[in-house]
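Let's walk through this structure together, one step at a time. Have a look at the chain as a whole before reading on.

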Amino acid sequence: MAQIDHTVHVALGERAYDILIGPRLIDEAGAILAEKFPGRRYGIVTDETVAEAQLPRLVAGLEAAGLSYGTIVLPAGEATKSYAMLERVVEGLLAARLERGDLVIALGGGVIGDLAGFAASITRRGMDFVQIPTSLLAQVDSSVGGKTGINSPHGKNLVGAFHQPKLVLADLSALDTLSARQFAAGYAEVVKYGLIDDPDFFEWLEANRAEIFAGGPARGEAIARCCAHKARVVIEDEKEMGVRALLNLGHTFGHALEKDTGYSDRLLHGEGVAIGMVLAHGFSCRLGLAPGQDSGRVAAHLKLAGLPTTLADIPGTLGSTDTLMAAIAQDKKVSRGALTFILTRGIGQAFIEKNVDPDQVRGYLEEMRAL
């Protein structure tokens, strides 16, 4: 019997689904899926790293439940979110003779979740899929809300679709296999929820960070609170026409830095978000919108969590400011060529600012690069 510590319901009418949070849910996935989706066959999409650590657990549970499945194992890393790997997944699902009524399982972190979800959205004009996120970042952010996609040479997540999962299984025990760096990168997305509009949550994180990293009860509570926060936003603005853009706090700068570092291990997504959130607070301070002490408090907390907080923390040499500005200009929030940023008036006071002056952004980046 599966132990469910927390359940978060995403109330989207006919597309509603639950996020189940608890230990060893990968082992119990077969029994859960057999009960919820009887008569389905499954196509598992994962990467080489997760396949070694988690795939045997999932397969054992599926076989014990008498479920039929096939597997597609891809290279690990952000570069896998590509046209070539999308084709590989789609063709793999078709070769396995999976039908439209069958289910795709995304077993992995954000890269696999985004890619497998997008493949499901276009294969046979739309297949259902289940998210089994194995990283902290995926459990609190990318597995929830239905944003799927791949990267383009022009920028991150520029090709994709909104396609909600049928179920999310967040296995807390899977997080024990993460490296310290990977866990910290996911924690940046946890902090983001406090910085958007929940200063009490940010204060709670300051008090409970050590327990979250150590794997105590605060870890599950933090994940549940993040998922509940995102669920509320997605219910209000599923297609990101308004307030959902707030979830991109730190991402405009972060995505530009990821592109500049070639979507490589030089800068993990969560690390880019951490630097981006510090830059967003610093830029807001420079514009006279936010108090400087809040910017320092954000940077200090992220640094204590083992995250990079400045451009100087990125290994190697960054491209020119022009290169970074070109990447920012391709951000999904750009409208009619005008830059849109998520700025802040302080911790827990993020807001959407349209028509941001690119010269001010350029000047701020030059200032940060000089440091």
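What you see is a predicted model, in which local features need pLDDT of at least 70 and side-chain atom pairs count only at pLDDT 80 or more, while totals for chains, interfaces and linings use all residues. Residues are numbered from 1 along each chain as its sequence is written, and side-chain values use heavy atoms, with hydrogens and water left out.

Now step back to the domains, whose bounds come from an automatic or database domain assignment. The protein chain splits into domain 1 (6-177) and domain 2 (199-370), and their C-alpha centres are 26 Å apart. Where the two meet, 34 residues of domain 1 are in contact with 25 residues of domain 2 (contact means heavy atoms within 4.5 Å).

A cavity is a set of points, on a 1 Å grid over the protein atoms alone, where a 1.4 Å probe fits but cannot get out; lining residues have an atom within 4 Å of a point. The largest cavity is lined by 12 residues, and Lys156, His255, Ala327, Gln330 and Asp331 are the closest to its centre. Why does the largest cavity lie between domain 1 and domain 2? Both domain 1 (6-177) and domain 2 (199-370) give residues to its lining, so it lies between them.

Definitions and conventions. On a 1 Å grid over the protein atoms alone, a cavity is a set of points where a 1.4 Å probe fits but cannot get out, and a pocket is an open set with protein on both sides within 12 Å along at least five of seven lines; lining residues have an atom within 4 Å of a point.
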